[in-house]
Structure formats: C-alpha cells, structure tokens
Amino acid sequence: MTDMTTASPIAVPTARPRIRWNRVGDHAILIAGALFMLLPVLLTLTTSTFDNITIHRGGLQFAFGPDGFENYQKAMFEKGGFTKTVDGMRMMMNSLILGLGFAVGKIVISMMAAYAIVYFRFRFGTIAFWIIFTTLLLPLEVRILPSYEVVQNLGLLNTYTGLIVPLIASATGTFYFRQFFKSVPEELLEAARIDGAGPVNFFINILVPLSQTMIAAIFIIMFVYGWNQYLWPTLMTTDESMFTLVRGIKQIMQVWIGANIPDYGVAMALAIIAMTPPVLIVILFQSWFVKGLVESDK
C-alpha cells in the first residue's frame, strides 16, 4: 500500500509596491498650496455668518455662526447704500452685464483683428500686429486719465456703454486668435475659394466653428477680468444703481459714520456671492478652457 501525500502549494512572496516619495512630496506641496489659497475664502464664508458686533469685536471667525441666512438675504434683497435704492441683485446684474460685455466684445474684436492680420496680405500687417501687442505695456492704470476724459466728453458716464466699450480692445485675445488662425491649414482656405466662399463666409462658417475651444478659453479669461474690475467702474459710475458687486462691497465698508459699525457680515456675504459666478464659469468650461490653450491638433 502506497502512501499518497498531497503536495502543498509553494507560496510565492509578493513584492510590496514601492512608495514613490517624490510623488508623495509633489502631492503634499499641491495640497498645501490649495489649502493655503482656500483658507481666506473659508474664513470669509465663516465670518459672513456672524452679526456685525461679533465681527467688530472678535475679527475673523473660524466657525459658522447663526446669522448666515439673515446676512445673505440682506445682501441680496435689502436696499442699501447712501440712497437706499440698490440691492445685491441689482449689483450682480451690473457685474454680469459688465463681464459678458467684456468677454463677448473682446472675443469679437480680437477675432476680427486676428483674421485681418493673418488672411489679408496687406502691407505692414506684421507691424500692425506688434503695435497692437505693445499695448500690453499700457495697462488701464497708465491711461486712466485720458480714457476717463474721452468717456466724460462723450457723455457716457453711468452707462453700460461707457463701462464696456473703452476697454473692449484686447491685445491678448488678438495674439491668441492670431496664433490659432496661423495653425489652420491653408487647404481649407483654398477649398473655400474653390467653392466660391467669400471672406465673410469663410470667417463665419469655417473659422468660427473651428475656434470654439479657443473662444471658450478666451471667454473665461475675459469674463473673470470684466467681473473683477474695480478701478474702472469706480471712475465711471457715481450712480449707485450702476454699481457692480466689487464696487458695492467697498461702498459698504466705507459707511463708518459716528457710532455706526459697517455691515461686515453683509460685505463678507457679498464677497462670497461675487466669487460664485466666476468659479461656476471656470468649472463648467474647464475642459474647453484646457483644450483651447493646449490643443495643437486642429
């Protein structure tokens, strides 16, 4: 009788995954940077939920308070300011019109200028582009007085036209669209000519659809730029009904007369409200924004 034994399987030792400390360090730095940037926003959010006396006495608050709903309701719907005729909804509408006007206007002007520079072989076209590009060296703060003088002489103070039109030209947008148009294959232009498409038809039916991702990227940049404008609306608007959100926050903080305490809670709530639309725009168009800036295959 033979003795039968069953052989036990040989255990193969599994190698532990190596810890990539350089990757851990990179993520730690990114997380620390994100927390450092989010900390002021978090403090603004928590402080906006307290009453004015508590904030005046204790400064920034690190926990949520009981007055958040009241502060946000007051910020959005209660008439305020020196004339008691403007609320947060009105200021948000003004900021929205300013942001959309900046974004749409700059995109249209930049696309037309870049189209002319790239596809119309006129003399000194390159020089014209570099003249446009050098306007980046003249920011708004440098030309604020002549710009204000022109708007005042045209009677455009306290108007949306005066807020938007003087700053609608964009050297940055012209540069990006010029680089994009130069990457479009020449075969598309030749095919359009063979089909009998004129310059306007080629621009509207071919270039504009091809530029969707670039338009989205420039739209985000210009919308945030217009939404966050403070200096220009401060000079152009003296009527409180034309105030933007950023302008309104400053106006609330300036109300310190006698024993009155500024509406710290309302100002903090308006600051959070003012951050929300640009953040939503960036989140919604994030994929288009990345494609428009880094995509190379057209």
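**View 1. Lys74 and Asp263 join their side chains in a salt bridge, 3.7 Å from N to O.** Here a salt bridge means a side-chain nitrogen of Lys or Arg within 4 Å of a carboxyl oxygen of Asp or Glu. Lys74 belongs to helix H3 (residues 68-77) and Asp263 to the loop between helix H13 (245-253) and helix H14 (264-284), so the pair ties together parts that are 189 residues apart in sequence. Lys74 is partly exposed, at 26% relative accessible area (buried is under 20%, exposed over 50%, partly exposed in between, with a 1.4 Å probe and protein chains only). This is a predicted model: local features need pLDDT of at least 70, side-chain atom pairs count only at pLDDT 80 or more, and totals for chains, interfaces and linings use all residues. Residues are numbered from 1 along each chain as its sequence is written, and side-chain values use heavy atoms, leaving out hydrogens and water.

**View 2. Asp87 pairs with Lys79 in a salt bridge, their closest N and O atoms 3.8 Å apart.** Take a look at the two partners: Asp87 is buried, with a relative accessible area of 11%, whereas Lys79 is partly exposed at 45%.

**View 3. Glu190 and Arg193 form a salt bridge, with the closest N and O atoms 3.6 Å apart.** Both residues sit in helix H9 (residues 186-194), 3 residues apart, about one turn of the helix. Arg193 counts as exposed at 52% relative accessibility, while Glu190 is partly exposed at 39%. Helices are DSSP runs (H or I, at least four residues), numbered from the N terminus.

Note on methods
Helix = DSSP H or I, 4+ residues; strand = E, 2+ residues; numbered from the N terminus.
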